[in-house]
Amino acid sequence: MSEKHTARERLLWTIGILVVLLYALIPVAWIASLSFKTPEEVGDKKFFSGFSFENYDVVFSDDTFIAALINSIGIASIATLISIVLAAMAAYATSRLDFTGKTLILSGALAVAMFPPISIVGSLFEMWRSLGIYDTWIGLIIPYMTFTLPLAIYTLSAFFREIPWELEQAAQVDGATPFQAFRKIIVPLAAPGVFTASILVFIFAWNDFIFANTLTSTDAARTVPAALAFFTGASQFEQPIGAISAASVVVTVPIIIMVLIFQRRIVAGLTAGAVKG
Amino acid sequence: MEAATTKAPTAAPPKKKRMTDRAKAERKLAWLLCAPAVIAMLIVTGYPIAYAFYLSLQKFDLRFPDEKEFVGLANYGDVLTSTTWWNDLLTTVIITVVSVSVELVLGMLIALVMHRAIFGRGPVRAAILIPYGIVTVVAAFAWRYAFDPTSGFVFGLPLVPDDWQPLTTKEGSLFVIILAEIWKTTPFMALLLLAGLALVPDELHEAAKVDGASTVQRFFRITIPLMKPAILVALLFRTLDAFRIFDNIFIIQPGGALGTESVSILGYNILINRVNLGLGSAVSILIFVCVILIAVLFVKGLGTSTAQQRGET
């Protein structure tokens, strides 16, 4: 990087950046633009036109959407919490301890990561109905938690392997209690990894459509992606484009904020899990 | 890290006699720590897939639950002799092959751009993470409305013929579905490839440069061979992911209309809409078998390529 870059290289790089930015932002800008259009402007086929909050008023006064938003936040958060706790225990074991069966567990997790959800939605649909957890929060939390375990285990293991664990002993030699050593030394060192894995798991649960679609039927547990797919206007055949766009923007904003703040960690987590694992 | 390696040998010898006890205790702790995750994964994937296999051997339609009976492999016969299954499989393979190939090329370009970053690496990284993070259903709506004849900005663009209506034909719909798929998942591919690029030592490039190799030669003779494992891993993940395509089709062409039905959509239609759990489970198991076949092929390829690399160096 010390070499001087020519004007031509800088120009090419600038063009590269612009192309990538355009690539990533066009659909997002488009759905945002649609959400700000009034019903009269929706059909004008212009990328940008008008600026009204009418659609947002519609979605935020819609009970179905509010329920779905609460379901999405609650289900994704609880699933993330459980997944991370279970994965942290497993990742600690696989990265720090030596035991037979480690490879088996890691390859099992990899197999789950490649598992096609459609292959079990029929079984889960039938099982959940007989267990009475069809169309409940727990009915979605269970598959989300499980399907995110591999991602969480691999990401956390990659981070845990980098932690200088002997600092814990060093602190104890210096007079810290085991709990103090854990809280003051290990927790701060492990926190970035745990945090990164949590973001990835949350994004997965927040984005899921197939389980949300097949294992729910009412506002009781339907999350936003499923609610969006079944969102209809006054008549069943009229797609409320503006309202769907506004609802889409509402669920996209938190993701964009997370991506902007934690981009470096997300990249580290994604690649650590895939490459080192 | 260095402290750990220097410290370990001094700590180990005195405890050698109790090593077996320690090892046992360690193994017990390890299994205890792993147990909850392992049990969860077994309950939610192992048991249901076994149950799906059991269901696939039954005649079991929730509309006529009393007619449930064991029919052996009859459901598989029904699926494998239907043109729907083979058409849907073909559609799925087309979507998978086209989107993954385009993603590989685009992803590699983005990875190279990011690898050679002169400035502005942060904005580029943040930008490509947006497609990765965005809800697939939301992105699918964005693309569908972009090509919707009543609202789409695409039709307001110059050079786009007014009578072009992609969402009313099979080919056009597949084009939009594949576009949505590529847009959403290229960043993931790019990030995996970028991580692979970082593993290619600069010295090799310098040496080849001295020997008079051109940029293109260095890319195909040095970068690509050294990145082969990373490329295969990225391809494996994305191929399996694309093969399961569901969300994009569900939104862009509801129900898999106009011949855009993928195998996952077919499974969904039979299982959830027609509540025919027997026949639907047979489709589920067949999809599962396809996924295993794809994974085995890739893992074999990965095995030989890493073995080759070890043999050469």
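1. Domain bounds, as the word domain is used in this note, come from an automatic or database domain assignment. On that basis chain A is divided into domain 1, residues 1-52, and domain 2, residues 54-276. This is a predicted model, in which local features need pLDDT of at least 70, side-chain atom pairs count only at pLDDT 80 or more, and totals for chains, interfaces and linings use all residues. Residues are numbered from 1 along each chain as its sequence is written, while chains are lettered from A and ligands numbered from 1 in the order in which they are written.

2. On confidence, the model scores ipTM 0.89 and pTM 0.88. The pLDDT, which is the predictor's confidence in each residue on a scale from 0 to 100, has a mean of 85 in chain B, where 91% of the residues reach 70 or more. Over residues 1-16 of chain B, however, pLDDT stays under 50, and the model has 7 contacts beyond four places in sequence for this stretch. Where pLDDT is low, the predicted coordinates should not be read in detail.

3. Two residues are taken to be in contact if their C-beta atoms, placed from the backbone, lie within 7 Å. By this criterion 10 residues of domain 1 of chain A are in contact with 9 residues of domain 2 of chain A. The side of domain 1 that touches domain 2 has 6 nonpolar, 3 polar and 1 charged residues, where Ala, Val, Leu, Ile, Met, Phe, Trp, Tyr, Cys and Pro count as nonpolar, Asp, Glu, Lys and Arg as charged, and the others, Gly among them, as polar. The centres of the two domains, taken over C-alpha atoms, are separated by 29 Å.

4. Between the chains, 81 residues of chain B are in contact with 81 residues of chain A. Helix α2 of chain B, residues 19-56, supplies the largest share of the chain B side, namely 19 residues; helices (H or I, at least four residues) and strands (E, at least two) are DSSP runs numbered from the N terminus. By class, the side of chain B that touches chain A has 62 nonpolar, 13 polar and 6 charged residues.

5. The largest nonpolar core has 163 residues, and those with the most contacts inside it include A:Ala87, A:Ala90 and B:Ala37. Such a core is a set of buried Ala, Val, Leu, Ile, Met, Phe, Trp, Tyr and Cys residues joined through C-beta atoms within 7 Å, and a residue is buried if 20 or more other C-beta atoms lie within 10 Å of its own, exposed if 12 or fewer, and partly exposed in between. Leaving aside residues up to four places away in sequence, B:Ala37 touches A:Leu86, A:Ala87, A:Met89, A:Ala90, A:Leu149 and A:Ile153.

6. Chain B has 12 helices and 2 strands. Its radius of gyration, taken over C-alpha atoms, is 25 Å, well over the 20 Å that the globule rule gives for 313 residues, so chain B is more spread out than a compact globule; the rule is 2.2 Å times the number of residues to the power 0.38. Of the 313 residues of chain B, 40% count as buried.

7. Two backbone details deserve a look. A:Asp135, in the loop between α5 (118-131) and α6 (137-160) of chain A, has a positive phi of about 60° although it is not a glycine. B:Leu258, in the loop between α10 (247-252) and α11 (263-273) of chain B, likewise has a positive phi, near 55°.
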